[in-house]
Structures are given as structure tokens and as C-alpha cells.
Amino acid sequence: MLIGVPQEIKIGETRVSMTPSLCRRCVKLGAKVLVEKNAGVSAGFTDAEYRAAGAQITNSARKVWREADMILKVKEPLPAEYDLMRPGQTIFTYLHLAAGPELAKVLLRKRILGIAYETVEGVDGSYPLLKPMSQIAGRLSIQIGAYRLQSQLGGSGVLLGGIPGAMPGHVVVIGAGNSGAHAVQMAVGMGARVTVLDVDTRKLEALDAEYRGRVVTLMSNPANIETEVADADLLIGAVLIPAAKAPIVVTRRMVKKMRPGSAIVDIAIDQGGCIETIRPTSHEKPTYLEHGVVHYAVPNMPALVGRTSTIGLTQATEPFVALLVQKGIERALNEHRGLAAGVNTRDGRITCEAVAKALGYA
Ligand SMILES: NC(=O)c1ccc[n+]([C@@H]2O[C@H](COP(=O)([O-])OP(=O)(O)OC[C@H]3O[C@@H](n4cnc5c(N)ncnc54)[C@H](O)[C@@H]3O)[C@@H](O)[C@H]2O)c1
């Protein structure tokens, strides 16, 4: 099998889908690896390291796409890459198709075997390839939010930790999963007042037990959300319904009631966002102001910390990549149900029910 590792082209992206150590393992297992020149540089990996690990380097993205049996990527293919895909090729990457109808059409037209990181399942039904990036995005959301609250940037001028004698900032996190729980951890660490809401009581119970009253846990329903959002200095959107478009849990009316200069970080933007006023932004222009509230919605937040994110991502993908190389794609998918759950498109059809529903194919 020839694995192609193209350089990521999404604005501000710094991650790469394969480290030299994963490359070495794939080569040992019998694969050939073709890496685009400088693909790993922004994550701190040089072409020389990939060469030493057995990869071939090319300065042509076209060659990588044309020759690879399997393209290993980080972010979903962008329009500039649509023409490069070879019909029938396998692409293993984040796809986020529920929020990407155009990409879905291309994958169907080209009969791509699209295996989406975000729907690959662990034995316990968890999403092991989503987890590390969600942890990173959750942690980053608080440092980004704290920064955006600064007066000079148009924020309300609230210091999340406060000082003795002055109220700390109020951080409201909606969704207590991987990203939400890590946002809570950082917010508590900074000394903020923290409220977290979820529809899953087990998630709330776990956080309640962990923080012993230091964090307020609330059932996520419209009444609770409305009250908490109105008092939030920093609102974090962290909900997920696997593979589906994110539900809108915060309405425009609620955003209008927030204090001027308060901030929203909608981590769930890659699935469409869970706040009515949100639209995707990029690392080049990460925020916009609406109803006096700062909105941040970058779909590839982990790119801010490319080194940590690349290590986190590839240590999660490694067992699956190794399986695909060792057994071959068909056998690996037949024998590993969790990996098979990652298949979103195949032979011109959408094979993931939630994605098909979200895009109106079901
Ligand atoms: N922007 C980025 O750079 C970035 C990076 C990583 C992950 N993400 C995205 O962040 C989102 C969250 O991922 P995760 O790994 O934390 O998911 P997760 O499954 O671990 O957690 C999601 C939580 O949302 C809860 N939820 C569902 N509906 C809800 C509702 N109506 N109200 C409150 N809570 C609700 C679930 O019960 C669950 O606890 C996903 O869309 C993921 O793709 C974005």
C-alpha cells in the first residue's frame, strides 16, 4: 500500500497526519510512504526525519494524490483538493460531512472510500480519534476566551480569575463531553466561576464528584441555558450529537441579552455550531462582533498548537493506520467494527446514517 501524506492547506493549519515515528512503523509493516515536502515542518518534523524513517519526499501535492492508495490527512479535503482526488481512492481524515454538503457530493461522484476520524469508534462506543483534538480545543477555548475578553481587543475587560475583592469571570460551558470537561478544567484552574450544562446526567455527576461544589452543574434545557447565558462573561459551545449537525442550543435572543464585550467560543463549529449567531471563522480572522458579543468559531483550533496536536492525533490514529497497512483496507474494515464505523462514503453512497440524515440523503 502506498500512503500519501499531503501538506494541509486549511488556513493556519499546522498539523500533519503522520509523524516520522508512525512513518517508520508503516514502512516496517510493508507500506510505502510518500510525504509532500515540508508537510511536517510546522509541527516540528523535518523532511530529513521522514526520509530517515523510510519515506519518499516530493514537492508535488498532485503526485501525492495521484499515486497514493490511501491519503492520510488531518482536515477535510478543500475545494483546491477536489480535482486531485483519484476515483476509488481511500481517504482517512476528519471529514465532518454533516456540515459539508459540497465535499460529500465530490466524494460520492468520485466514489471515494471516505473513512472519517470523527466516527471511528472504540470498543466502548467512544470516539478515540475525536477525543484528543476535543481535549485540546476544550483547553484552548478558555485561554482564547480569556484573551478575547481583554479591553484592547474589544472585550469586556473581565479577568477570568478576578482578584481578591473583585468578582471572577463567569464561564458557562454547554456540553460536558471531552471538550467541555477540559474547558471546565482550565476555567477552574484560572479561578473563574464555572457553570456546565449537559443533557447527560452521568457527565454532570462525574464533574460534580470531581470538583466537589467548585463547579455548578445544570441540566441543559432552554430555561437553564437562557439564565446562564445572560450572565456569562465567556460562553463555550461544546455539544455533539455524533456525526449529526450540531443542535442550536443558544438562540439569537439569548445572545442579545449577554453583556457587551462578553465572548463566545463555539468549539462545535466543525459540526455547524450550536449557537444561532455563529458562523465559521479562520485563524487569519478568528473573531467577529455581533450584538456586541465577540464570536470565535475556528474549526481547526488545535492547529494553534501544531506540535502537541500532531502528537495527540497520530498516537490515536496509529493503531488504525497500522491495522489498515497490516491487513489491507478491505480486511481491516471487515474485521474491525470500530474502524468500519468510520466509513462515511463508499461506492458513491453515504454509508453513515447520521450523515445521510443531516444531508437529506436518507
Ligand atoms: N473547533 C475545533 O477546532 C474542534 C476541535 C475538536 C473538536 N471539535 C468539536 O467539538 C464538538 C464537541 O466534541 P466532544 O468530543 O467534546 O464531544 P463529546 O461527545 O465528548 O461531548 C459532547 C457532549 O454534548 C452533550 N450534548 C448533546 N446535546 C446537548 C444539548 N442539547 N445540550 C447540552 N449538551 C448536549 C453530550 O451529552 C456530550 O456530553 C464536536 O463537534 C467536535 O467535532 C471542534
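The model is predicted.

**Stop 1: helices H1 and H11**

Select residues 20-28, which form helix H1, and residues 306-327, which form helix H11. Two packed helices are described by the angle between their axes and the distance between the axes. For H1 and H11 the angle is about 15°, and the axes lie 10 Å apart. An angle under 35 degrees counts as roughly parallel, and H1 and H11 are therefore roughly parallel to each other. Their crossing is right-handed.

Next, display the side chains at this contact. Helix H1 contributes Leu22, Arg25 and Cys26. From H11 come Thr314, Thr317, Glu318, Val321, Ala322 and Val325. Sorted by class, the contact of H1 with H11 comprises five nonpolar, two polar and two charged residues.

**Stop 2: helices H6 and H11**

How are H6 and H11 arranged? They pack at an angle of about 155°, with 8 Å between their axes. Angles over 145 degrees count as roughly antiparallel, and this makes H6 roughly antiparallel to H11.

On the H6 side, select Pro132, Met133 and Ile136. These residues meet Thr308, Ser309, Gly312, Leu313 and Ala316 of H11. By class, this contact of H6 with H11 has five nonpolar, three polar and no charged residues.

**Stop 3: the aromatic cluster**

How many aromatic pairs does a search of the whole structure find? There are two. To view them, select Phe92, Tyr94 and Tyr117, which form one aromatic cluster.

Begin with phenylalanine 92 and tyrosine 117. Their ring centres are 4.9 Å apart and their planes stand at 80°, so the pair is edge-to-face. Phenylalanine 92 and tyrosine 117 are both buried.

Turn now to tyrosine 94 and tyrosine 117. Here the ring centres are 4.9 Å apart and the planes are at 85°, so this pair is edge-to-face. Tyrosine 94 is in the loop between E5 and helix H5 (101-109), and the pair links distant parts of the chain, 23 residues apart. Tyrosine 94 is buried, as is tyrosine 117.

**Stop 4: two residues with positive phi**

Select asparagine 38, in the loop between strand E2 (32-36) and helix H2 (47-52). Its phi is near 65°, a positive value in a residue other than glycine. Is asparagine 38 buried or partly exposed? With a relative accessibility of 35%, asparagine 38 counts as partly exposed.

Proceed to alanine 243, in the loop between strand E10 (234-237) and helix H10 (252-256). Alanine 243 is not a glycine, although its phi is positive, at about 70°. Buried means under 20% relative accessible area, and alanine 243, at 11% relative accessibility, therefore counts as buried.

**Stop 5: serine 60**

Finally, select serine 60, in the loop between strand E3 (56-58) and helix H3 (61-67). Its relative accessibility is 24%, so serine 60 counts as partly exposed.

Key
Residues are numbered from 1 along each chain as its sequence is written. Side-chain values use heavy atoms; hydrogens and water are left out. Axes are lines fitted to C-alpha atoms, for helices over the stretch in contact, and angles run from 0 to 180 degrees between N-to-C directions. Helices (H or I, at least four residues) and strands (E, at least two) are DSSP runs, numbered from the N terminus. Angles under 35 degrees count as roughly parallel, over 145 as roughly antiparallel, 65 to 115 as roughly perpendicular and the rest as oblique. A crossing is left-handed if the near helix is turned anticlockwise from the far one by less than a right angle, and right-handed if clockwise. Contact means heavy atoms within 4.5 Å. Ala, Val, Leu, Ile, Met, Phe, Trp, Tyr, Cys and Pro count as nonpolar, Asp, Glu, Lys and Arg as charged, and the others, Gly among them, as polar. Rings of Phe, Tyr and Trp (its six-membered ring) pair if their centres lie within 6.5 Å; planes under 30 degrees apart count as stacked, over 60 as edge-to-face and the rest as tilted. Buried means under 20% relative accessible area, exposed over 50%, partly exposed in between (1.4 Å probe, protein chains only).
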